[in-house]
Amino acid sequence: MRLSQTLLPTLKEDPVEAQVVSHKLMLRSGMIRQLGAGIYSWLPLGLRVLRKVENIVREEMDRAGAQEVLLPAVQPAELWQETGRWSKYGAELLRFKDRGDRDFCFGPTHEEVITDLVRHELRSYKQLPANFYQIQTKFRDEVRPRFGIMRGREFLMKDAYSFDLDQESLDNSYKQMFTAYQNIFKRCGLQFRAVEADSGAIGGSDSHEFHVLADSGEDAIASCDSCDYAANLEKAVAGGSPEAVPAGADMQKVATPEIKSIDDVAGFFNISADKTVKALLVQTDKGEFMLLLRGDHELNEIKAENYLDGDGFKLVEPGAVQKSTGVSVGSLGPVGATTPIIADNSLAGMSDFICGANEDGFHLTGVNWERDLPLPKFADLRNVQAGDLCSRCGAGTLRLDRGIEVGHVFKLGDKYSKAMQMTVLNQGGREQTPLMGCYGIGVSRIVAAAIEQNHDDSGIVWPIFLAPFHVEILLINPKEEAAAKLAEEIYEYLKARGIEALLDDRNERLGVKFKDADLIGAPLRVVIGGRGIKDGAVEVQSRHDGVAEKVAIDAVGDLLLKRAEDLLKGGV
C-alpha cells in the first residue's frame, strides 16, 4: 500500500477525549474515528488489524470443528420472551419497534437466535455434538461508553454455541473451545491469563474469562503464586478458615460522638480496621438482610447476590437505612438486630470485635459470637485481597493484577434449550434436551488490548501477526530518482513474496514521516534516500528494540524478507 494514496489521518497530539493509551494511539494513528458515543468508524489502517484478528479467530474456530454461520443482528422480542430475558436483560438491550408495531432488539448476544435455528434443524442425537459460530457486529447500550473501542456500544464479536447430548460431551466441547482460545491469544502475541469467572446475565455453571494483562485493565484478577489458580475478583475465594479465639473481654457500650466511618472507629479506639465489623443492609425480592464484613474488607455484590439467590438485589441507601432502622449506616450493628444476618467467612473465628451499637453516637466493644449474639450463617461475601491464602492449594498467597477481558466461555447447560423447548431424539428414540455452551471473544477489543500491552512513548509496537504491515519503506525524498526507483523495487519484491509492505512516498518533511512510522508501528522499517544512496547503503531498523543497521543496497531485499519471515515464524 502506498501512503500517498491511503486515508491515514494521523494526529500530532493526544485527543483530549481519550483516557487510555489504546484510545489515544488508535485516534492518533488514524485507525478509527468516532461517529457517536461508543460508536466508531474503522479506517483502512485499523481495519487491516481488525481483519487480522478476525482471521486468526476464524482459523482456530474452524480448526476446533466449529461451523461458521451468520445470524440476524435484529431479533424479534418473542424469542427473548421465551427465555424471560426480554424483561430481565436491562437497559443495555436496544429495543425498538418496526412499522407493524412489533418489538425487536439489536442483538447484544445470540443465545435465543441460535437455539431457535437449531431446534428447527437438528432432530437426532446423530447430529450432535455441534458447534456454530459467527463473527458479527453487536450492540450493547452501555450507560457510560468509554476508553474508545475498549468499552464501546457497537463492537465486533465472535460468539459460538455448542450443543451436546450429555454432560461428558459438553465438558469435551468446553475443553476444545478453551484450547482454541489459548491458541488464539498466543497467535495474537498477547500475554494473558484464563481465570475462573461468574456467569452473570448469560447464566450457566462453569465459566472462564480470558484477560490480557495490562495496567489499564478495568478488571482485577487474582492468581496464586504457588499453583495455577486464577479467578476474577467477582469469583476469587480466599482460603483458610480462621480459628475461633476465646472471648477475653466483656461487651461494653462506648460513646463515639461524630464517629461514622471504619477509619474513624479504628482511629478512635487506636486499633487496626481488621478488629472491627461493619454492617450493610441489602434488599432482595426475598426481603431485607444484614451482611457483616470485617472492617478492612469490601463487599462483593456478585457473591452476595448469588448466595441470597434473589432478584432485585441492591444495597439499601443510607437515607433508607436511617428511615428503616432509626440509625445511620455507621452505627448499624448485629447485636439485637431483627433482620436475618449473613456474615463473611473471615468473621467465623473473630472475638472481642467492635461494631455499631444500633444507636447513633455509640459502638460496642468486646463483642463475641454466641455469648453476645447468636451465631449467624457464614458465607463468602468479600473481595479477596493481595496476600490472602489461596483456596486451591492452601499454601500459596494471592496477588492482584489488572486485566482486560477479551474472551469468556460458559457452560450454559439447559438454560436456553429447555426454556425454548429444543429437543432431539436420543438413542432410545425419546426426546432429550441438549446441553449448551457459549463462547465469546471481543474481536475489536483484542485490537485495543494488544495496543495497551504493546506500545512505547512514540506509538504502537505491533506483534507481527497483528501488524497492519510487516515492513514500512520510508522514502526520504520521492523526487530523488535513484532512491524512488530502489524503494519501488523493494516494495514490489516484498509484495511478490507475501510480505505486507507500506511505502511512504508522500511529499512530507522527514520528521513527519519518522513520527508517523513510529506511531503506526510496523515491526521493520527501511529508510531509503539521502547520503545512504550515494554510499550504496540503506538503514534497516527494528521497531521492537530500535536497533538500526546499515545494509548494502543489493542485500536489503533479501534481508528484509528473511527478517520478516523469521518474525512470522517466531511470532514476535
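Is Val74 buried, partly exposed or exposed, and what is its relative accessibility? Select Val74 to begin: at 40% relative accessibility, Val74 counts as partly exposed (buried means under 20% relative accessible area, exposed over 50%, and partly exposed in between, with a 1.4 Å probe and protein chains only).

The model is predicted, so that local features need pLDDT of at least 70 and side-chain atom pairs count only at pLDDT 80 or more, while totals for chains, interfaces and linings use all residues. Residues are numbered from 1 along each chain as its sequence is written, and side-chain values use heavy atoms, with hydrogens and water left out.

Val74 lies in strand E4 (residues 74-76), where strands are DSSP runs of E with at least two residues and helices are runs of H or I with at least four, numbered from the N terminus.

Next, go to Pro129, in the loop between helix H5 (111-121) and strand E7 (130-139), and display the backbone from Leu128 to Pro129, where the peptide bond is cis, with omega near 0°.

Then select Asn270, in the loop between helix H7 (262-269) and strand E14 (277-284); Asn270 is not a glycine, yet its phi is positive, at about 55°. Asn270 is exposed, with a relative accessible area of 69%.

Finish at Gln421, in the loop between helix H10 (415-419) and strand E22 (424-425), where phi is near 55°, again a positive value in a residue other than glycine. Gln421 counts as exposed, at 69% relative accessibility.
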